[in-house]
Amino acid sequence: MISKKLIIDNLKTLFYALIIAIIIRSLLLQPFYIPSSSMEPNLLVGDRLFVTKYSYGYSKHSFPFSPPILDKRLFFSDPKRGDVVVFKTPADNRTDYIKRLIGGPGDTIQFIDGIIYINDLEVFKDLKSNNDIIFCGDNPIDVNTFEEKLNNKKFKTVYGKYYTFQNSQKFVVPDKHYFFLGDNRDCSKDSRFLSSVGYVHENNLVGKAQFIFFSSDSRKGSIFEIWRWNELIRFDRFFKKII
């Protein structure tokens, strides 16, 4: 017969473990899953990654379920242009998005003939390949792959062959807000779409994406199919730093 004391001790252990897990998740590291292709080729569907919560300080969105305990950001550290950031989309303040930070307060961003201009300065991109295939949702698309540079950080971006998003208005980032783009430029819902994402307030920042700890090709099957791990799991992406 299980004693009452043993049950209480086990419940205490579970309670303390839960508290420690919440503290780690809220203040240090939180795992995230990549469900879409908007950040290809740098982040693939099925990547699992860790995000550091302390990188930009803390807001109510640092905690599970975003409790209304903070109305401003504590220990705020300004994110850098080129960072890959998880944030709560302004549309519902609930859904997690992951994109690359392109501009901060006061910056202007504009697409002209498929080229990005930040504060009227062209973001140069170096063509690496003109015959790659990248997914947009479940559909493969032909793309050009470039290497772009922001804030001394080099990373790959892809554009559809016909640059479906060639020209835009001039976006002026408001105070305490940020402008984000997906690396899969023609297949990303991001700050270009003001009605659904738009400018992101600093309080909506969740954390900085740091490295991939696990990856599987979810398009091919489930990781529960253990007998297929050799074709489903992307071992070469384990512990890959996110640039």
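Two residues are in contact when heavy atoms of the two lie within 4.5 Å. This report applies that definition to a predicted model.

**The nonpolar cores**

Leaving aside neighbours within four places in sequence, Phe179 is in contact with Arg100, Leu101, Ile102, Gly103, Ile109, Phe171, Val173, Ser191, Arg192 and Tyr199. Phe179 also belongs to the largest nonpolar core, which has 15 residues. Along with Ile102, Ile109, Ile116 and Ile118, Phe179 is listed among the residues with the most contacts inside this core. Two or more residues of the core come from each of strand E5 (108–112), strand E6 (115–118), E9, E10 and strand E12 (177–181).

Strands of a sheet pair through backbone hydrogen bonds, in either a parallel or an antiparallel arrangement.

| Strand pair | Bridges | Direction |
|---|---|---|
| E8 (residues 125–136) and E9 (residues 139–150) | 9 bridges | antiparallel |
| E9 and E10 | 8 bridges | antiparallel |

Individual residues illustrate each pairing. Leu127 stands opposite Phe146 in E9, while Glu148 has Phe155 in E10 as its bridge partner. The hairpin of E8 and E9 has 2 residues between the strands, and in this hairpin Gly137 takes a positive phi near 70°.

Definitions and conventions
Residues numbered from 1 in each chain as written. Predicted model: local features only at pLDDT ≥ 70, side-chain atom pairs only at ≥ 80, totals over all residues. Heavy atoms only, no water. Pairing = 2+ DSSP bridges. Helix = DSSP H or I, 4+ residues; strand = E, 2+ residues; numbered from the N terminus. Core = buried A, V, L, I, M, F, W, Y, C linked by side-chain atoms within 4.5 Å. Buried < 20%, exposed > 50% of the residue type's maximum accessible area, 1.4 Å probe, protein only.
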